[in-house]
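I opened my notebook for a quick tour of this one.

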Amino acid sequence: LTGNYPNPDIRADRVSSPEVAPDSLTGADIDETGLDFECPGAQTEAGDVCFGAVQPTATWEAAADDCASQSLRLPSDGEARVVHAELGPPPAFRTLWTQDQQDVSVAMVSRMVSDGSTDVVGFAKTSAIAYVCVRAPVR
């Protein structure tokens, strides 16, 4: 590429079409050989996240520190929902700390109730909430 955005100059022999049409790449076009991902150790794979056992209650900071000490992290809300789905509906409800923070004193908790529905609510970071530590799968 030479030139400036938004109209750079592209060498004619390097690009055969201006763009790839949506949905034009199919299985034969995509080589996934060697792209097997897995979760290390005793972690469970769920979608694009690996997670360990649900840990007993802790403050948000203690949970985040525990995860970091294992080179892991608290899940995002979306990842926590994936973990909830993998674990299945609880008898009453399950709450898990997420990495998301509302402000300096409030962090977000992903909650699943017995019918399988989930939501996210804020709790004081000093509250005692269960948590899981997560990471991306590795190749």
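Predicted model: local features only at pLDDT ≥ 70, side-chain atom pairs only at ≥ 80, totals over all residues.

**Entry 1: salt bridges.** I started with R73 and found it in a salt bridge with E79, their closest N and O atoms lying 2.7 Å apart. I then checked how open each partner is. R73 came out partly exposed, at 30% relative accessible area, while E79 is buried at 17%.

Entry 2: Why are D77 and R81 separated by about one helical turn? I looked up the helix: D77 and R81 both sit in α2, residues 77–87, and they are separated by about one turn because they are 4 residues apart there. D77 has 17% relative accessibility and counts as buried, since the cut-off for that is under 20%. R81, at 29%, is partly exposed.

**Entry 3: R111 and D119.** Here the N to O distance is 2.6 Å, and the two side chains meet in a salt bridge. I found R111 partly exposed with a relative accessible area of 27%, and D119 is partly exposed at 28%. A reminder to myself: side chains of opposite charge can pair when their charged atoms come close.

**Entry 4: the sheet.** Next I traced the strands. In what order do the 3 strands of the open sheet run? I read β4-β5-β6, with antiparallel pairing. At the edges I have β4 (93–101) and β6 (118–124), each pairing on one side only. Ignoring direction, neighbouring strands of this sheet are turned by 35° against each other on average.

I zoomed in on β4 and β5 (residues 106–113), which pair in the antiparallel sense over 6 bridges. Across this pairing, R94 stands opposite M112 of β5. I also looked at what lies across β4 and β5, and found helix α1 (residues 60–69), running at about 75° to β4.

**Entry 5: T44.** My last stop was T44, which belongs to strand β1, residues 44–46. Its relative accessibility is 32%, so T44 counts as partly exposed. Which residues does T44 contact, leaving aside its neighbours within four places in sequence? I listed C39, V49, C50, F51 and E86. I followed up on E86: it is 42 residues from T44 along the chain, and their C-alpha atoms are separated by 8.9 Å.

Technical notes:
Residues numbered from 1 in each chain as written. Heavy atoms only, no water. Salt bridge = Lys/Arg side-chain N within 4 Å of Asp/Glu carboxyl O. Buried < 20%, exposed > 50% of the residue type's maximum accessible area, 1.4 Å probe, protein only. Helix = DSSP H or I, 4+ residues; strand = E, 2+ residues; numbered from the N terminus. Contact = heavy atoms within 4.5 Å. Pairing = 2+ DSSP bridges. Axes fitted to C-alpha atoms, helices over the stretch in contact; angles between N-to-C directions.
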